[in-house]
Amino acid sequence: RSQGFWGLLVGTRRITDLVIEGTWLAGVVLTPLVFSPRNSLNFYNDPKYAVLHLVALAIIAVWAWEWAMYRPSSLWPSLSGALGWVGRRPERWAVVSVGGLGLSAVISTALSPVPVVSLWGRDATDLGYELYSFLSVLVVFIAIAVRMRTEHQVRRLMLALVGAGTVAAFYGIAQRFGWDGLGPGENADRVIGSLGNSIHLGSFLLMTAMITTTVAINEQRNREYGWLIVGGLALGAQLAALWFTGARGPWIGYTVSVVAFVSIGFVWLDRRLLVRGVGLIVSGVLAALVIGLVPAPESGGGTTRNLSDLVNLGSVFDDSTTGSIGGRGPIWQSALELTRSRISAPGESGTLIAARSLTGYGPDMFFYAYPHGVEMEPTGTIAQNTHNYPLQLLLELGLFGFFTFISAALLTVYAAAKLLGMPSRAGKHGTWSVITIVGLLAMLIGRGTEQMVGVARVGDLVPFWALMALTIAVVEIARRQISENYEGSDKSQRVPRRAASPPPQSALVAVAVAITLLAVGVLYYKDFQSLKASATARDAFELREEGRPDEALVKYQRAVELAPDVQDYHLQVSDLFREAANKAEIAGMRDQAISGWEKALEAARRYEERNWKAFDTQLRMGQAE
């Protein structure tokens, strides 16, 4: 059994295990990086959602086949057996809490005023909180937390994130200097990288920057000093791109993560490793400054603006700007008021109203609930997000979802902190697990700080949940290694060969087949059709710009057939009928104008039947009537 660079021991891992690991690696890398190239799809982030859903459904299907082919000795674990597995292990209770979070999302969707919105999402531009994507993210988390068993797997995932962060950073730097051959980034005031939004890019980079530092000093521990140079360059690129985002929340989050790294490392790391880590961060900052001060074409932003924002960080508390903490006060006020009062939808029973404190308004329902919590001007802007991740979960998933998330986060941090004390008592401040845990804890603290005012979306949610799962996995692996070392075993770096499994049962194979067919069906009828509809709608947009509305109408109607849950396609059909009606009225063709308005009303009503809370649809219906 030869061991190569990737740490695979030939003959010791099942093919299903390899496939699942490869799948989560692909998901963690591709979700932040893929997007719709210019003039290809109607929505920039459509490929991200497709990748996430494909990864989650593939993991579920392959896991089902593994269960069928290598079935456990006991088909259904007993309650005592499950409790015995969890025991007093906080990292395992964290996994249980995440399972409870997923359950809360399912219940909340079932009780949502508009279940179809909570299931598939409200706005195809920015998904991630609807049940489909939310459960997909949790599947990736559970797969990593439960199935990651070796130090080599930890290293692969961290290297994958470093690579993804570096690629996104170089792409953002290219946008800063006026080049973007793939997307619209060269015209943005602040760089958006491959995530489509400067805040989301900053949120992603603040995580990968700390992981880059951790990987570099971990590799240097094995006397591979070249990693310090490579790590410094990669970190410099990531910090430069983070600077160019102009996103103050991620800046503050990264600063907090550095402070946390130094503070935790001062207690638990070998002094030489801590000095190298701090030196690497300083070199990364200097490299970022060199890149940032290079003259670049002005396009509404530039070095002057970034320096001004960096100096005036105090403006984040100004009440006069919506991008400040003060400006987000009304949003938090509305969310807290709605959480307290739980204003109900018309016609809801008293039992359901009472249950809303536990279940919330439903995934992705904040946009519709927000106006009920504050006084708004008729022309006021409706907030799309709470700008606070725990508060978002509290409003949409209720107390059940909020407390399961908070318990999962706190248990993960507690398990990591508890692990740090185990090797230190033996004088082992420089082991890979201690270095990794210090870096992960610092990253989680910085990310948590940023998310108190930030907006989380799929591109940065997937890496965040993957890194939280990675923390749990490192704790599990390190505890096993410490236990084996204590018992005098030398098997900590080896995966034991599995005993032969009994032949598969036909019933379990049938279940695996059913799950696979269901996964393929969901992928086809939801994701593939959505991508096809997005491409069709993009063609329609081009035809409309060219002055060919009749052809554009046919395309948009086809997009509605392919993806009936996307409001934008229905509105485009309604608007085209409205334009035709206005032209007919101007030409004096009154009957034709009335017919056009009737069709515009019908197009809007078609979506209103699916989502009776859609504001823009109601506006179109009112105009047409």
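Me: What does buried mean for a residue here?
Reply: The model is predicted. Each residue is judged by its relative accessible area, with exposed set at over 50% and partly exposed in between. Buried means under 20% relative accessible area.

Me: How many of the 26 residues of α7 are buried?
Reply: Helix α7 covers residues 151-176. This helix is largely enclosed by the rest of the structure, because the buried residues among its 26 number 20.

Me: How far apart are the end C-alpha atoms of helix α7?
Reply: Helix α7 has 26 residues, and at 1.5 Å a residue it should span 38 Å.

Me: Which residue with a positive phi follows α7?
Reply: The phi in question is near 90 degrees. The residue that follows α7 with this positive value is G178.

Me: Are α2 and α19 roughly parallel or roughly antiparallel to each other?
Reply: Helix α2 spans residues 46-69 and helix α19 spans residues 506-545, and their axes are 8 Å apart. The two pack at an angle of about 170 degrees. Angles over 145 degrees count as roughly antiparallel. The pair α2 and α19 is therefore roughly antiparallel.

Me: How many nonpolar residues are in the contact of α2 with α19?
Reply: By class, the contact of α2 with α19 includes three polar and two charged residues. The nonpolar residues in this contact number 20.

Me: What is the volume of the largest cavity?
Reply: The structure holds six cavities of 30 Å³ or more. For the largest cavity, the volume is about 260 Å³.

Me: Which residues lining the largest cavity are the closest to its centre?
Reply: The lining of the largest cavity has 22 residues. By class these are twelve nonpolar, three polar and seven charged. The closest to the centre are D46, A124, L127, K526 and S530.

Me: Which helix gives the most to the lining of the largest cavity?
Reply: Both α2 and α19 supply at least two residues each to this lining. The helix that gives the most, with five residues, is α19.

Me: Is N39 buried or partly exposed?
Reply: N39 lies in the loop between α1 (15-33) and α2. Its phi is positive, about 65 degrees, although N39 is not a glycine. With a relative accessible area of 47%, N39 is partly exposed.

Me: Is H387 buried or exposed?
Reply: H387 sits in the loop between α15 (366-369) and α16 (389-424). H387 is not a glycine, yet its phi is positive at about 60 degrees. The cut-off for buried is under 20%. At 17% relative accessibility, H387 therefore counts as buried.

Me: How far apart are the C-alpha atoms of R447 and S203?
Reply: R447 belongs to helix α17 (residues 432-450). At 1% relative accessibility, R447 counts as buried. R447 and S203 are 244 residues apart in sequence, while in space their C-alpha atoms are separated by 7.3 Å.

Me: How far apart in space are I477 and R149, C-alpha to C-alpha?
Reply: I477 is found in helix α18 (residues 458-486). I477 counts as buried, at 0% relative accessibility. In sequence I477 and R149 are 328 residues apart, and C-alpha to C-alpha the distance is 6.0 Å.

Me: What distance separates the C-alpha atoms of V106 and L119?
Reply: V106 is in helix α4 (residues 90-110). V106 is partly exposed, with a relative accessible area of 38%. V106 and L119 are 13 residues apart along the chain, and their C-alpha atoms are separated by 8.8 Å.

Terms used:
Residues numbered from 1 in each chain as written. Predicted model: local features only at pLDDT ≥ 70, side-chain atom pairs only at ≥ 80, totals over all residues. Heavy atoms only, no water. Helix = DSSP H or I, 4+ residues; strand = E, 2+ residues; numbered from the N terminus. Expected span 1.5 Å × (residues − 1). Buried < 20%, exposed > 50% of the residue type's maximum accessible area, 1.4 Å probe, protein only. Axes fitted to C-alpha atoms, helices over the stretch in contact; angles between N-to-C directions. Parallel < 35°, antiparallel > 145°, perpendicular 65-115°, else oblique. Nonpolar A, V, L, I, M, F, W, Y, C, P; charged D, E, K, R; others polar. 1 Å grid on protein atoms, 1.4 Å probe; cavity = no way out; pocket = protein on both sides within 12 Å on 5 of 7 lines; lining within 4 Å. Points joined across faces, edges and corners; volume = space filled by probe spheres on them.
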